[in-house]
Amino acid sequence: MDCAESDEERCQHALRYHQTGLLPTSLRTLAAGRFSGLQDIHRAELFAIVTVMERYCNTTIHTDSAATLSQLQLIADATEVTDFAMAPHFDLMIRLWKVWNMGTRVFHKVRAHAEHQTEGPLLQQYAQLGNKLANDSAIQACA
Amino acid sequence: MAYRQQLDYKCQGNARAFARIRDPSQSGVYEIRHQVSDTAILVPQEDGNMIAYCQHASQFRQEAIVHIHETTATLIDKDCHSITLRVHGQIPDSEQCDIHQTVVTTHPCEIMQNLQEYWNQYWTVDPDRLQPPRSFRDMLCNLPCILQDQPMDFADPKEWYQAVKMLNAKSAKGIDGISAAELQSLPCQAIDHLREILINLQCFPSWMMIAKTTPVPKVDQPHVHEYRPITVLAQCYRLWSKAVTRILLRKLSLKMPAEVTGFLPGRGPADATYHQQFMLEWAHATQTCQSGFALDLKRCFNTISRQSSAMIMRGVGIPEYVIQVWLQSLNHLTRTWTVQGLSSSPCSTNNGLPEGDPMSVIAMLTIAYAWIHHVQRQTRNLSPSAFADNWGWSTTEVSQHAPALQATKTMADYLNMIIDWKKSWLWSTHKAHLPSLKRVVKKEAPNEHVPEMLSAMDLGAQLTYRGNARLGKLRDRLHKARIRLQRLGTHKEPLPSKARVITAGIYPVALYGMELVPVGTQHMDTLRTEVASALYGHSISRNSAIAIHCTPAVQDPQVVLQQRVITAARRFLLRATATQRTRFFMMVSKHSGAAHECKGPAGVLKYHLCKLGWQLGKQGQLSINGFVSFPFLDMGLPTLLKLCNLQWQEHIMTLTDRKGLKGLPPICRLSTIQVLRKYNSAQQVKLLNEIAGAFQTRAQQATWDSQIDPHCPHCGELDTREHRALSCMALHDLREKYAEAFQWIEESGSAMGQLPVVFCHPYRECHLTVQWYNAEPDIEQEMHSRIQAIDHTGRSLVFSLMDHVITRHCPSLDTPPFQ
């Protein structure tokens with residue numbers, strides 16, 4: 001969970017990570033675990049989005065999965081459920097469809113495994129650290 | 001050669017490999033057969049010849065043999081009323097005889113002349129027939145205008161760029177000499193310029209409307225009517241037509257009634273036949289008598305009156321600009337035949353639409369719409385359906401056939417279209433309607449015989465109207481697939497290329513339409529053996545099911561068929577109405593699963609679900625084992641297909657009679673293939689042959705041939721697969737490198753010596769069940785409440801994901817968001 005109060009603080013956290021190697025304390029794991037159904041990474045990614053979107057209305061989600069974003073684009077473009085009926089994980093997409101218009105939904109693509117890169121804006125580096133924390137937590141949860 | 005194959009596989013999408021398995025392309029047009037016949041009175045002459053007096057003596061030619069019944073004769077001389085023949089054999093002792101002659105025309109100019117004479121009857125009609133009668137205009141007054149007030153921007157540059165992109169780069173050049181590939185290489189500015197020129201044309205000039213017409217034979221030794229005239233129009237016209245049609249089709253697909261199928265997205269032939277067979281199945285299930293007609297329109301596009309179709313297009317709401325440019329351009333249309341590299345002089349036409357022109361598709365769709373509307377106005381409780389030149393209807397009220405047939409004939413007359421009674425049929429789910437149906441035909445088409453069909457091939461699928469489902473012409477498809485497999489078997493393509501060709505070039509040919517008919521196991525067994533032989537060469541001892549199961553990128557035909565059946569059912573149900581869904585699920589749940597009771601797609605689905613050991617309830621709940629069940633329509637298709645694969649995996653070891661393999665756990669396809677991918681293509685072939693038992697041991701050979709010693713020639717032990725893998729002293733030094741692995745095999749009691757694959761986990765079913773019912777992860781209550789409080793303020797919450805982990809962090813990032 002991002003407890004940072006401002007972008008300034010986030011930038012400082014990113015700088016500190018490159019000096020000390022310590023992940024920002026402002027980023028915290030919200031939930032981790034296996035999901036129901038056949039286990040595969042795209043479903044896991046989509047399931048996490050369902051978990052967030054069903055609980056909260058105003059969300060900005062960062063994912064490193066382009067495949068997931070393309071599935072979400074299908075929902076965004078759809079006028080009815082059958083428009084994405086042939087998509088994989090239709091069951092999860094129906095759940096997303098139901099809550100899609102509740103509040104503001106924003107999605108971003110973030111580079112995976114890029115936490116060591118020191119180029120680019122500090123806020124971007126901070127986002128990559130979020131991705132790293134997510135990755136570490138996933139590995140730990142599935143171990 | 002190897003480099004060429006590699007290039008084909010890596011850079012050209014196996015195009016060469018695909019081309020090599022297809023049927024050899026039709027040879028050029030070198031001859032036209034033409035049969036003439038007459039009834040003659042034969043008068044013997046003193047010199048031994050015969051004079052045959054007949055009505056049309058001039059049609060016989062001297063260069064071909066004349067047949068008098070079965071006896072041959074040479075034509076020596078002819079005049080207006082008789083031909084003189086030298087007979088080679090005995091002729092029947094009767095006053096009158098039937099004589100016939102097959103004339104073969106080979107000169108290209110004569111061929112072109114014959115073709116022009118034949119097709120001219122459709123392309124140039126009497127001027128009186130060009131204008132439709134008054135009643136046609138009255139009929140159009142009642143036609144609802146479905147495209148009224150629809151905004152359409154035919155000058156939209158994006159549509160034109162897309163149209164250029166969609167042109168077939170390999171299509172032939174038209175009279176303007178421009179190829180599609182050339183247009184595709186143009187920059188956007190040049191396309192814009194071309195668009196402006198074309199969009200401002202009032203009509204395409206005469207020189208650009210010269211249609212190159214190439215005859216393509218439908219059979220081996222074609223008669224003049226057995227050629228299909230392929231029309232190649234100027235590329236510029238094709239581009240204009242494509243760009244305009246793309247916009248129109250998009251609008252029409254939203255507005256056209258469901259009865260109009262074909263040419264529209266999501267309304268392909270497979271959807272149309274699936275729906276029709278479902279309706280038939282429901283009629284059988286409810287014991288309702290349903291009957292109908294399936295009519296074929298002769299030379300469809302070539303006979304359509306341009307004026308009439310333009311009037312219909314106007315009635316439907318197609319913009320006047322499009323109709324004017326199209327109609328005036330067609331009025332300039334002339335045709336030139338191309339045979340053996342020669343071209344005939346352009347001949348003018350005043351009737352018919354060029355086949356292959358996208359605008360002809362729009363015309364056909366609007367005609368179908370007008371026909372459906374007209375028929376529905378003349379009848380009640382009748383369901384018409386139109387797929388291009390295939391029109392038909394079904395009803396439970398037998399009295400409605402007469403007005404429907406009458407309305408159809410009227411419509412055909414308005415448009416100069418001809419109903420091909422020879423290719424049409426009538427059908428009924430019960431005999432009760434038959435006498436009335438035949439009476440209707442006798443009244444409306446007194447000189448024609450329209451057969452009743454119990455089962456017929458329509459739109460590429462075998463429809464069953466009455467009686468047991470039959471494979472019918474689907475057998476031909478299986479045969480064609482087998483021929484392709486045999487061809488593939490002789491090619492030295494690498495394994496991945498062969499796998500790709502089988503998946504994309506052979507299975508679709510073999511299995512199309514099998515969603516409507518139950519296909520017996522023996523057909524799939526034969527196909528499986530042929531697939532394995534094509535991949536790995538011929539072997540009498542190899543287990544084809546195991547070989548294919550462990551092959552990367554190709555699946556067993558039985559699995560592919562089951563997956564196709566599930567996919568088709570899901571596709572149909574997702575588009576169906578709630579009532580249709582309920583009916584479908586009810587039929588599946590009540591069906592016994594026996595092949596002889598299958599009357600349609602629901603029965604066929606049950607037939608295949610039974611093979612998988614799955615149950616589908618009347619609420620649409622699919623149970624795949626004692627513990628796992630889920631709504632059939634809510635589950636994603638890939639998950640369903642994956643579960644189908646897992647079920648096949650369980651079943652596969654039952655397909656072997658080999659004692660050594662009995663009782664072994666299932667082979668894990670995923671893991672085994674992962675290991676095999678470490679090897680190159682040639683090594684994979686050898687390994688898979690070994691896995692599937694293609695190489696016989698001496699012990700195996702000795703059971704068939706008593707002269708063979710069953711012992712190992714190297715160490716004297718009994719030569720078995722286990723012996724070769726685990727204990728033969730001659731191979732000891734090879735095993736030494738992997739001592740740990742062999743020790744594990746010995747200690748764990750693994751069957752890898754018998755079958756060198758990765759086996760499934762013994763608790764796989766338990767794992768699946770546990771995973772299926774995994775509880776959703778909880779978010780700590782306190783944290784959840786805090787986040788919810790922020791959420792209620794309207795501030796955006798930021799999360800990051802990796803598999804199944806959620807964290808919160810900042811919003812401003814490198815890529816633009818979408819909402």
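**A hairpin and its neighbour**

Modeller: Let's start with a hairpin: S14(B) and S15(B) form it, with two residues between them. In the turn, Ala388(B) has a positive phi of about 50 degrees. Keep in mind that this is a predicted model, where local features need pLDDT of at least 70, side-chain atom pairs count only at pLDDT 80 or more, and totals for chains, interfaces and linings use all residues. Residues are numbered from 1 along each chain as its sequence is written, while chains are lettered from A and ligands numbered from 1 in the order in which they are written.

A strand here is a DSSP run of E with at least two residues, numbered from the N terminus, and two strands pair if DSSP finds at least two bridges between them. In general, strands of a sheet pair through backbone hydrogen bonds, either parallel or antiparallel.

Ala386(B), for instance, stands opposite Trp391(B) in S15(B).

Ala386(B) also leads us to another strand, as it is the bridge partner of Val260(B).

For another example of pairing, look at chain B's open sheet with the order S19-S20-S21, where the pairing is antiparallel. Its edge strands are S19 (615-616) and S21 (629-631), each pairing on one side only. Three bridges join S20 (residues 621-623) to S21(B), and Leu622(B) has Phe630(B) as its bridge partner there.

Conventions:
Helix = DSSP H or I, 4+ residues; strand = E, 2+ residues; numbered from the N terminus.
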